[in-house]
Amino acid sequence: MQNVIAINVDARQGILAAQATSDEMLLERIAKGDRTAMHVLYSRHNVRVYRFILRMVRDVTVAEDLVSQVFLDVWRTARQFEGRSQVSTWLLSIARFKALTALRQRRHEDIEQEDVLEIADEADTPEASLDRSNTSAILRACVAKLSPAHREIINLVYYHEKSVEEAGEIIGIPQSTVKTRMFYARKQLADLLKGAGVENLAA
């Protein structure tokens with residue numbers, strides 16, 4: 001019995017140590033086959049990656065499948081990460097490639113343009129989740145009306161808080177193009193919001 005308790009304590013300490021580790025260090029450990037590090041990295045980033053993919057593919061089942069594929073790729077290719085960007089940027093680059101591939105494979109199908117579902121952060125209070133849900137419903141509907149290129153920029157910069165440089169790296173375009181797309185995306189979004197009668201969000 002004492003041996004079991006000791007093992008459980010050791011396992012718990014290992015998980016706590018991994019949780020306090022940077023993403024970069026987690027990837028180094030994942031490259032060596034550390035499953036605990038993989039679990040922690042997944043826990044940190046799976047919701048963000050899921051939201052990012054869902055806004056592109058607009059299909060919950062496909063998005064869930066692609067998230068699994070993204071993290072399977074991370075497990076297989078962790079040693080290829082060169083540290084030239086944040087780990088979260090690298091993850092979204094993989095996610096974008098997977099999502100675009102999935103969209104190309106079903107291009108012949110009619111993709112239903114439904115409102116994108118959002119997953120509430122676990123850290124949110126019920127009040128904050130409700131408030132965000134109420135105030136963002138119109139915003140989500142307007143964002144969904146943007147062109148795919150403009151929607152992608154808004155998604156990366158505002159939802160995922162990526163810099164212009166990081167957004168350019170994920171999409172594979174120059175920073176100047178990111179800035180141009182962001183300018184027109186914001187202008188179009190402001191017009192859509194005003195048309196929906198939401199002046200405070202359009203400001």
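A polar contact is a pair of N or O atoms within 3.5 Å; within protein, one must be able to donate a hydrogen and the other to accept it, and residues adjacent in sequence count only if both atoms are side-chain atoms. This is a predicted model, where local features need pLDDT of at least 70, side-chain atom pairs count only at pLDDT 80 or more, and totals for chains, interfaces and linings use all residues. Residues are numbered from 1 along each chain as its sequence is written, and side-chain values use heavy atoms, with hydrogens and water left out.

**Exercise 1.** Find where Lys162 lies in the chain.

*Solution.* 
- Step 1. The chain has 10 helices and 0 strands; helices are DSSP runs of H or I with at least four residues, strands are E runs of at least two, both numbered from the N terminus.
- Step 2. Lys162 sits in the loop that joins helix 7 (148–159) to helix 8 (164–171).

**Exercise 2.** Work out which side chains make polar contacts with the side chain of Lys162.

*Solution.* 
- Step 1. The side chain of Ser88 makes one, at 2.5 Å.
- Step 2. The side chain of Thr89 makes another, at 3.2 Å.
- Step 3. Contact means heavy atoms within 4.5 Å. Beyond four places in sequence, Lys162 touches residues including Gln86, Leu92, Leu156 and Ile170.

**Exercise 3.** Decide whether Lys162 is buried or exposed, and look for a salt bridge.

*Solution.* 
- Step 1. Lys162 is buried (under 20% relative accessible area, 1.4 Å probe, protein chains only).
- Step 2. A salt bridge needs a side-chain nitrogen of Lys or Arg within 4 Å of a carboxyl oxygen of Asp or Glu.

Key: Buried < 20%, exposed > 50% of the residue type's maximum accessible area, 1.4 Å probe, protein only. Lys, Arg positive; Asp, Glu negative; His and termini not counted.
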